[in-house]
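User: Hi! Could you walk me through a few spots in this model?
Analyst: Happy to, let's have it up on screen.
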Amino acid sequence: MNSSAPADLVLTGARIHTVDPALPEAEALAVRDGRIIWLGAAADAADWTGPGTRSIDAGGRLVLPGFIDAHNHVRLGSDDDCVQLAGARSLEAVHERIGAWRSAHPDAEWIEAEAFDYSAIPGGRMPTAADLDPVTGDTPALVLSYDVHTAWLNTAALRSLGIRKGRTSLPFGEAATDPGTGEPTGFVKDFAVKGLSRDGHRALRELGVPWAAPDRQYGRLVKSLDDAIGYGITTVVEPQNSLDDLALFERARTEGRLRSRIVAALFHPRGTTDTDLDEFSAAADTYADDRLRVGPLKLYIDDVVEPRTAALLEPYTGCGHHRGDTFYPPEEFAELLARLDARGFQCFVHATGDRGIRTVLDAVAHARTVNGPRDARHQVVHVECLDPADTPRFAELGVVACMQPRHAAPDIAGPGQDWAENIGPDRWHKAWPLRSLHAAGAVLALSSDWNVAEMDPMVGIYTAVTRRPLRGGGEPWTPEETIDVATAVEGYTMGSAYANFLEDERGSLSVGKLADFVVLSRDILRIDPEDIPGTVAETVVVGGEVVRRRADG
């Protein structure tokens, strides 16, 4: 036996892909006090085994570091009390699902739905209250888009929420208006920026929208946390929270539902004060352990491509001179980022359009000029449409590309979908340039963006490697930007760990690091990439504790 005390847990019979170049592969590992104390050959595992050691035989399966999902809205989640509109690709299909739900819930005071796809509305226009009224009647209805960046209301909801001509700038969004009459149409933009903010959520709750109630929020959170651990996601980066939301994570921890580790970013909307920043810093000091950490700031520079609210360098296809807006003038945003950088904050900045991304990179460059270079690891989140001239700037400026491969699938964004049609074929080469960024030395932090897309890392890895539809068949879209499986795995482990200052503790299976790992049902590094979807986490270990085995359900 090894001269030191025996391990608490020993894993044998494994093909361990460590994501650590110092020891790329091993057959066994040992854990004590929640950390890895040894990796090596299976023949030596007995040296670490004693009477109290728990043993796991991986049965020859692939073992990876626990996945780190760098952008996963577990707190927003998916709500079982909502009408589910995923896959409803026509207005008729939307009506059918809402009508069926209403028949099953005749006494409901509100109709709430989620995952609405913009492409369901004919002619490329945005939805209106008139599109909802025939199936919802006098019951207020709130329909959230699949990206939760916009909301769609019926006439009854407009009344309930006090939206009317002359009152369209709301705590939870900006109500679109008819250009002729000035009357609100029922479509609300900027919901992600305002409706998910502290003030926006409070306003919705005070107005009696059930979706915003604390118990509904907690239900969405714990359901998503259960899903995360089931997929082998041992660290979740929740990218947009207010100080009010931290109590939800505390409750989950107290009730034993916080099995994945959490990094919670705090939302910095326009109007955030120095006092707010002081409170953010205090929260970061309070929540600073390896289970729940608070600290980064979430900002927006633009919105999304599908409703043409992302900021582009050139106009949207078929839209004349319209190229979207940034939420801040570039000079103001550069000064803001420099101030936050000077205070030591790490910033996650949502940017999808090429002009939005360039504005963020320019701001980081300005912050480095004003404050001097530092290891800030600011992130551009999404990087959906990147001008090639800006590709090398990520590595040059130390900016992390936090990206969601699933969004690049042809069945989500490709030809015939709103994203591709709005950008136009001449700019498709800018779409989610994973390979170009990796080749230029940028750090890729890969993630799901749940519930905008599927949480399962296997879905993200498959799409990063193939750029094909999830259901199989069909041609790849922009295949020149695919990456190999090992690079995708690194993006979901060490890349995401580095992106969040966690590389000394997580992201690889190395002696001294936290014992977070997953045993997979298939060897995704060796099988045909088409077979990656459907691979499941057989065993999930967090801090040396087996928190899920497939037989557990």
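Analyst: We can go through a helix pair, a sheet and a few loop residues.

User: Before we start, what kind of model is it, and how are residues numbered?
Analyst: This is a predicted model, where local features need pLDDT of at least 70, side-chain atom pairs count only at pLDDT 80 or more, and totals for chains, interfaces and linings use all residues. Residues are numbered from 1 along each chain as its sequence is written, and side-chain values use heavy atoms, with hydrogens and water left out.

User: Great. At what angle do H1 and H2 pack?
Analyst: Helix H1 (residues 91-104) packs with helix H2 (residues 129-136) at an angle of about 40°, and their axes are 9 Å apart. Helices here are DSSP runs of H or I with at least four residues, strands are E runs of at least two, and both are numbered from the N terminus. The axes are lines fitted to C-alpha atoms, for helices over the stretch in contact, and angles run from 0 to 180 degrees between N-to-C directions.

User: Which residues meet there?
Analyst: From H1 you have Leu 91, His 95, Ile 98, Gly 99 and Arg 102, and they meet Asp 131, Leu 132, Val 135 and Thr 136 in H2. Contact means heavy atoms within 4.5 Å. The residues of this contact between H1 and H2 divide into four nonpolar, three polar and two charged.

User: Which residues of H2 are buried?
Analyst: In H2, the buried ones are Ala 129, Asp 131, Leu 132, Val 135 and Thr 136. Buried means under 20% relative accessible area, exposed over 50%, and partly exposed in between, using a 1.4 Å probe and protein chains only.

User: Why do they line one face of the helix?
Analyst: Looking down the axis of H2, its buried residues fall within an arc of 150°, so they line one face of the helix. That arc is taken from the directions from the helix axis to the C-beta atoms. The face of H2 turned away from the buried side carries the exposed residues Ala 130 and Pro 134.

User: And what does the buried side pack against?
Analyst: The partners of H2's buried residues are H1, strand S10 (111-116), strand S11 (141-145), strand S12 (151-153), helix H3 (155-160) and strand S15 (184-189). After H2 comes Gly 137, whose phi is positive, near 60°.

User: Switching to the sheet: what order do the six strands take?
Analyst: The order is S3-S2-S7-S23-S24-S25, in an open sheet with mixed pairing. Strand S3 (25-26) and S25 stand at the edges with a single partner strand each, so one side of each is left without a neighbour in the sheet. Two strands pair if DSSP finds at least two bridges between them.

User: How do S24 and S25 pair?
Analyst: Strand S24 (residues 537-542) and strand S25 (residues 545-549) are antiparallel, with four bridges. Val 540 stands opposite Arg 548 in S25. Their hairpin has two residues between the strands, and Gly 543 in the hairpin takes a positive phi near 60°.

User: What about S2 and S7, parallel or antiparallel?
Analyst: Strand S2 (residues 15-17) and strand S7 (residues 62-65) run parallel, joined by two bridges. Ile 16 stands opposite Val 63 in S7.

User: Now the loops. Where is Pro 433, and what does Pro 433 touch?
Analyst: Pro 433 lies in the loop between helix H13 (418-423) and helix H14 (434-439). Pro 433 is buried, with a relative accessible area of 3%. Not counting residues up to four places away in sequence, Pro 433 touches Val 383, Leu 386, Met 403 and Glu 481. Glu 481 is 48 residues from Pro 433 in sequence, yet their C-alpha atoms are 5.4 Å apart.

User: What is the phi of Trp 432?
Analyst: Trp 432 has a positive phi of about 40° although it is not a glycine. Trp 432 also sits in the loop between H13 and H14, and is buried at a relative accessible area of 1%.

User: Last one: where is Asp 449, and which peptide bond is cis?
Analyst: Asp 449 is in the loop between S22 and H15. Asp 449 has a positive phi of about 65° without being a glycine, and counts as buried at 5% relative accessibility. The cis peptide bond runs from Trp 450 to Asn 451, with omega near 5°.

Notes: Ala, Val, Leu, Ile, Met, Phe, Trp, Tyr, Cys and Pro count as nonpolar, Asp, Glu, Lys and Arg as charged, and the others, Gly among them, as polar.
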